[in-house]
Amino acid sequence: MGFFWPLPVYIESIGSAKNVASYVRIANQKDQSKGKLLLTYVQLAHATPVLYIASFFDHNTTRLPSSEIAGGADDQEFDLIQSYYMKSAVNQAKINALRLAHKNYHQSFRGIYVMSLLAKSDFKNKLKVGDLVTKINNQKFNSLSSLIDYLGHQKVGKKVKVTFYRDKKSRSVTGKVIPITKKRNGIGVELAAKTVVKSDPKIKTDMDGIGGPSAGLMLALQMYSQLKPINLKHGRLIAGTGTISSDGKIGQIGGIDKKVIAANRAGAKIFLSPTGSNYRLAKKTVKQQNLKIKLIPVKTFREAITALRK
């Protein structure tokens, strides 16, 4: 039985590439145009002794400590975190696509998710991953940054009351402010904003089974191509990856070496990559694996659109 016990290690291997159009509807319509925009992902599994040993026979597989992947969260918490990251990626994609397509939209702030807690936090065992924070000291906030700024100005040792929702019930707990860095104080809780984006036309997504923030760029491209409408594909298979921020910057992701291989296996001829270390690793992988795929490094959403239009 010990051969199947989970180890404190994750096995990261080559995943797949999926057509983003199957996840997105604009005004209840799917994209039927020729070509595909492909989101790419890695396979991530908790290692057992059998899987751990087998991974050494696949040079495209990486063994990663649980602390690096899950940060101490259990499997259920890890899945929740990945789900929240995906929801955030969808919203950021919507905002970028709608703004560049000159469509009306409204983003409303609904609260702040607890993503993790530091071991030294006074709120450890009081809050847990998935709690939705609505107030600090009975005060509401209209953004994550304003809440963090408020906590940063509180003195170390001062007690603060956190009001939150868990299991659809409002609760409150009290804890002390601690030093986070030499220049910043806080409560030792990693937080992520919960927002809702409403628009005309309406954008619907169904990301069932896919977590994390790395699909942001490809989601935004798919939404934009339908909103404009504009032909970015020209019948091609185009893959890519990268987080996307509210101001359109494309951010780094993990496992890009495996993602570019997955894209090549799916028949993609173009791969959009974040610049910097992601692009360097992708370029090294293409050369080592002799992949027949063109890499395009992009810093922003606008750059990605311009590259595909060319």
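A: Lys259 lies in helix H6, residues 256–265, where helices (H or I, at least four residues) and strands (E, at least two) are DSSP runs numbered from the N terminus. The model is a predicted one, in which local features need pLDDT of at least 70 and side-chain atom pairs count only at pLDDT 80 or more, while totals for chains, interfaces and linings use all residues. Residues are numbered from 1 along each chain as its sequence is written, and side-chain values use heavy atoms, with hydrogens and water left out.

Lys259 counts as buried because its relative accessibility is 4%, buried meaning under 20% relative accessible area, exposed over 50% and partly exposed in between (1.4 Å probe, protein chains only). Leaving out residues up to four places away in sequence, Lys259 touches Thr40, Tyr41, Val42, Ser214, Thr241, Ile253, Gly254 and Phe271, a contact being heavy atoms within 4.5 Å.

Ser214, by comparison, is found in the loop between strand E12 (203–205) and helix H5 (216–227), and with a relative accessible area of 15% Ser214 is buried as well. Beyond its neighbours within four places in sequence, Ser214 is in contact with Thr241, Gly242, Thr243, Ile253 and Lys259.
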